[in-house]
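Student: Could you take me slowly through this protein, with questions that I can check against the sequence and the model?

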Amino acid sequence: MKKVLLLLSMLFLFACGGTNEETKTEDTKVAQEKTEKQELNLFLSNEPKTLDISRSTDVSSSEVLVMVNEGLVGAIADENGKETIVGAGAESWNTSEDGLTWTFNLRKDAKWADGKLVTAKDYYYGITRTLDPKVGSGYAFILFPIKNAKSYNDGKVALDEVGIKMKDDYTLEITLENPTPYFIDLAYFKVMYPQRQDVVEKYGEAYGSEGNQLLGNGPYILKEWVHNNKVVLEKNSNYWDKDSFKIDKINMLIVADENSRMNLIASGQVDIGAADKPEWIKQFMDSGDFYNSRRYALGTNYNTFNTTSRYFKNKKIRQAFTVALDREEINRVMFNGNFDGAYGWVSKGIQIGPEEYRTLVPGPLKKLIEENPDPRALLVEGLKELGEDPDPSKMTVTYLSSGTSSWSRKFSELLQQMLKEKLGVDLKAEFVEWPVYQKRNDELDYEMGGQSWIGDYNDPNTFLDMWTSYAGIVANGWKNPEYDRLLEAAGKTSDQKKRLEYFRQAENILLYEDTAISPTLYRVKNRYIRKYVKGFNPTTVAPYNYKGVYIEGRK
């Protein structure tokens, strides 16, 4: 009888998977997740300028907002960073045959952090608030594919003429001006996050300026915001998919100085961070405590010119300052060869349909550089056209740096050296913190400045439409009607071959013909992740909210 009972017991265990090693491993993982402290420590490179969704334009604020909010859709990535759009605030969606009407069916179990249900009204209010000309959103132009959105933002039509309708509490209908191939990608971006009207109106102009003056519907709540120090997030118990988020608390330390960031990673006070200097890379890898993730960040570093200023209103002077820069040397000195020299504006890694844009369109700056082996001669021509002293040594230009760190100073010194050697001009550097830089940029209170742009969605349009005369996201005073026409034409067709040609011509105007900006490097995200951080698989373009990440084996 005992043998029979033992045999039956063993059969029962096998049937239930009780002796399966995979099940044991899964049980162990679940047990460890329950007992191990699920807390993640990250960086913010700058103080968020504002957490008002409609007014946020900087990377740091976006990194916080994606954690405390959720759009209509989200994205997941495979091991190579390739993204797939998935449902989020909307369970499903469909489009009309002509590609103009998008219907989003919202999930009925989505709640705000205070427990109230998220409805179509909240998405409607969030989108239309960003378009409201009184709000002055720097990102309103991204929503211009929506029917009459631009006209409403320009004050030409009433709100009820904009192509956004609430069919019922859980159905949102959006009508476009023209078929827009990348529109579904906009649905995960912050311009289409829901906003609670009562909360926005309660705080007025102060909305989003403090941690307790906003409300989200995402996987985390903002527990604490100590300005210029840290942002602390805690898991949102009212989030519909909270069980997929294992991390209970996220500490985001605001650290601008590179050496300070590296020391925090090395000491174990921060779990994930990017590194470029060989000595730090070697230290991290030699320790055996990290694994590495290296992908194009779909971003471009660049210098921008105030095209209304004394010198840079002249195209040849802008071209001289662009040609004079050795991009490969900048990459070697500043990033130890981890980035790529940029000879176009649209970053490497950006797709147009199934293909990478940069493999199809050569960078226009290569032609400009080849045609002008002596940038000093080009500068002299420009000075003469302006009626200025043609001697470059009499010329002084001020470079506004968007940071005060040792890295910012080193980069400015490198620019000074290059421009002195190639052009003979004196470059003065002025160092300010990011919020001050943004304000002065908006007011055109600069001559030449340096910053970077990270794509908001995976399409060349995310780089090119920002320089249209109606965008206003970066102020440099440049306008070109033909450039506007090309971007508008690209927005009116879903034919990728036609779009590619429009984009190619527009980028050529921006960089070769007018040289309104001077790209320097294509960004690469070279992350080092502590091995006890499991499930980390970041998206490339879409916002990343650490879904599925957990801690296992932290010492």
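What follows is a set of questions and answers about this model.

Tutor: This is a predicted model, in which local features need pLDDT of at least 70 and side-chain atom pairs count only at pLDDT 80 or more, while totals for chains, interfaces and linings use all residues. Residues are numbered from 1 along each chain as its sequence is written, and side-chain values use heavy atoms, with hydrogens and water left out.

Student: How many helices and strands are there in the protein?

Tutor: Helices (H or I, at least four residues) and strands (E, at least two) are taken as DSSP runs and numbered from the N terminus. Counted in that way, the protein has 19 helices and 21 strands.

Student: What is the radius of gyration of the protein, and how does the globule rule bear on it?

Tutor: The radius of gyration is taken over C-alpha atoms, and the globule rule is 2.2 Å times the number of residues to the power 0.38. For 555 residues that rule gives 24 Å, and the protein comes close to it, so it is as compact as a globular protein of that length, with a radius of gyration of 26 Å.

Student: What share of the residues in the protein is buried?

Tutor: Buried means under 20% relative accessible area, exposed means over 50%, and partly exposed lies in between (1.4 Å probe, protein chains only). Of the 555 residues in the protein, the buried share is 53%.

Student: What share of the contacts in the protein joins residues 24 or more positions apart?

Tutor: A contact here means heavy atoms within 4.5 Å. Among contacts with a separation of 6 or more, the share that comes from residues 24 or more positions apart is 68%.

Student: In the open sheet that contains β1, what is the order of the strands?

Tutor: Two strands pair if DSSP finds at least two bridges between them. The edge strands, each pairing on one side only, are β1 (39-44) and β8 (220-226). This open sheet has 4 strands with mixed pairing, and their order is β1-β10-β9-β8.

Student: Which residue in β10 is the bridge partner of glutamate 39?

Tutor: Strands of a sheet pair through backbone hydrogen bonds, either parallel or antiparallel. Here β1 and β10 (residues 249-254) run parallel and are joined by 6 bridges. Within β10, the bridge partner of glutamate 39 is lysine 249.

Student: At about what angle does helix α3 run to β8?

Tutor: Axes are lines fitted to C-alpha atoms, for helices over the stretch in contact, and angles run from 0 to 180 degrees between N-to-C directions. Helix α3 (residues 59-68) lies across β1, β8, β9 (230-235) and β10, and its angle to β8 is about 145 degrees.

Student: In the open sheet that contains β4, which strands are the edge strands?

Tutor: This open sheet of 4 strands has antiparallel pairing and the order β4-β5-β7-β6. Each edge strand pairs on one side only, and the two are β4 (90-95) and β6 (164-168).

Student: Which residue in β5 is the bridge partner of threonine 95?

Tutor: β4 and β5 run antiparallel and are joined by 5 bridges. They form a hairpin with 5 residues between them, where glycine 99 in the turn has a positive phi of about 75 degrees. The partner of threonine 95 in β5 is tryptophan 102.

Student: Against which helices do the buried residues of α14 pack?

Tutor: Helix α14 (residues 375-386) has 12 residues and reaches 17 Å from its first C-alpha to its last, and its buried residues include Leu378, Leu379 and Val380. The buried residues of α14 pack against α10 (315-323) and α15 (406-423).

Student: Is leucine 444 buried or partly exposed?

Tutor: Leucine 444 lies in the loop between α16 (434-442) and β18 (448-454), and its phi is positive, near 55 degrees, although the residue is not a glycine. Because its relative accessibility is 28%, leucine 444 counts as partly exposed.

Student: Is tyrosine 546 buried or exposed?

Tutor: Tyrosine 546 is placed in the loop between β20 (533-534) and β21 (550-551), and its phi is positive, near 65 degrees, in a residue other than glycine. Because its relative accessibility is 13%, tyrosine 546 counts as buried.

Notes: The expected span of a helix is 1.5 Å times one less than its number of residues.
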